[in-house]
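Good morning, and thank you for coming. Please look at the sequence and the structure as I show them, and keep them in view while I speak.

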Amino acid sequence: MQLGLTVIAEDRMGILYRLTGIISELNANIVYTQQFIVGENTGLIYMELDGVEDEENLAGKLEKLEFVKKVETHKTMKKIFGKRVLIFGGGAQVAQVAMGAISEADRHNIRGERISVDTMAVVGEENLADAILAIKTLPRAGVLVLAGSLMGGAITKAVEEVKKDTNIPVICLNMFGCLPKLADLIVTDPLQAGVIAVMTVADTAKFDITKVRGRIL
């Protein structure tokens with residue numbers, strides 16, 4: 001089974017080496033990890049593990065390490081927050097897409113899904129291109145919606161790279177520029193774009209974006 005693991009520890013060298021050594025000894029596999037500083041001389045390590053046979057034994061061994069302050073095991077972020085619908089672009093249009101996505105996500109989450117909606121209004125071509133490229137390393141990214149009136153140049157190149165390196169579908173609004181030529185689906189109504197984005201990732205929806213790829217709705 002997959003397990004979420006949070007370790008609060010002193011900020012010092014060699015901590016990851018010691019933690020991963022114990023995890024390896026117990027034949028568990030690390031499928032995701034991130035670390036950051038949470039206070040003076042204190043760091044937080046979050047991991048998602050696969051193949052943990054004895055949760056209490058793992059926590060007990062980690063708690064015995066001299067630099068560890070606290071160990072928690074819990075559900076993974078995928079179980080808690082689920083798939084992510086990402087909405088980037090101009091402020092007003094992002095808000096409209098988000099409205100449709102949140103309403104549709106609520107409908108599916110009531111039925112047992114886990115879908116979260118991430119929005120970011122971005123000003124400037126380079127800033128938006130950077131945000132698009134960053135989703136290649138963003139966990140649980142399910143679909144990207146680009147909302148705006150004109151997109152091309154660096155934005156188009158960023159989308160090309162994301163589509164080359166990932167399987168994340170890209171939906172865009174009906175806009176000027178060369179971006180629509182790369183999108184899997186072009187949607188005129190921002191609210192509908194949000195709804196379709198959620199349907200693209202929802203297991204409880206009977207929608208296959210590959211069957212409408214390249215169309216304008």
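Predicted model: local features only at pLDDT ≥ 70, side-chain atom pairs only at ≥ 80, totals over all residues.

What percentage of the 217 residues in the chain do buried residues make up? Buried residues make up 44% of them, where buried means under 20% relative accessible area, exposed means over 50%, and partly exposed lies in between, with a 1.4 Å probe and protein chains only.

Residues are numbered from 1 along each chain as its sequence is written, and side-chain values use heavy atoms, with hydrogens and water left out.

Let me begin with the overall form. The chain has seven helices and nine strands; these are DSSP runs numbered from the N terminus, with helices being H or I of at least four residues and strands being E of at least two. Taken along the principal axes, the C-alpha atoms fill a box of roughly 60 × 40 × 30 Å. Of the contacts in the chain with a separation of 6 or more, 74% are between residues 24 or more positions apart, a contact being heavy atoms within 4.5 Å.

I now take one residue as an example. Leucine 3 has its place in strand β1. Leucine 3 is buried, with a relative accessible area of 4%. Leaving aside residues up to four places away in sequence, leucine 3 touches several others, among them Met47, Leu49, Val52, Leu58 and Thr73. By comparison of positions, leucine 3 and arginine 84 are 81 residues apart in sequence and 19 Å apart in space, C-alpha to C-alpha.

Next, the helix pairs. Two packed helices are described by the angle between their axes and the distance between the axes. The axes are lines fitted to C-alpha atoms, for helices over the stretch in contact, and the angles run from 0 to 180 degrees between N-to-C directions.

Consider α1 and α2. Their axes come within 10 Å and cross at roughly 150°. The two helices are therefore roughly antiparallel to each other; angles over 145 degrees count as roughly antiparallel, under 35 as roughly parallel, 65 to 115 as roughly perpendicular, and the rest as oblique. By class, the residues of the contact are five nonpolar, no polar and one charged. Here Ala, Val, Leu, Ile, Met, Phe, Trp, Tyr, Cys and Pro count as nonpolar, Asp, Glu, Lys and Arg as charged, and the others, Gly among them, as polar.

The second pair is α4, residues 91-109, and α7, residues 190-201, whose axes come within 7 Å and cross at roughly 40°. α4 and α7 are therefore oblique to each other. This crossing, too, is right-handed. The contact includes Gln93, Val97, Gly100 and Glu104 of α4, and Pro190, Leu191, Val195 and Met199 of α7. In class, the contact has 10 nonpolar, five polar and one charged residues.

Finally, the salt bridges. How many salt bridges does the count come to? The count comes to 10, a salt bridge being a side-chain nitrogen of Lys or Arg within 4 Å of a carboxyl oxygen of Asp or Glu.

One of them joins the side chains of arginine 12 and glutamate 66, at 3.7 Å from N to O. Arginine 12 lies in the loop between β1 and α1 and glutamate 66 in the loop between α2 and β4, so the pair ties together parts that are 54 residues apart in sequence. Arginine 12 is partly exposed at 39% relative accessible area, and glutamate 66 is partly exposed at 49%. Glu10, Arg12, Arg18 and Glu66 are linked in a network of salt bridges.

Another joins arginine 107 and glutamate 104, at 2.6 Å from N to O. Both residues lie in helix α4, three residues apart, about one turn of the helix. Arginine 107 is partly exposed, at 41%, whereas glutamate 104 is buried, at 8%.

Methods:
Left-handed = near helix turned anticlockwise from the far one by under 90°.
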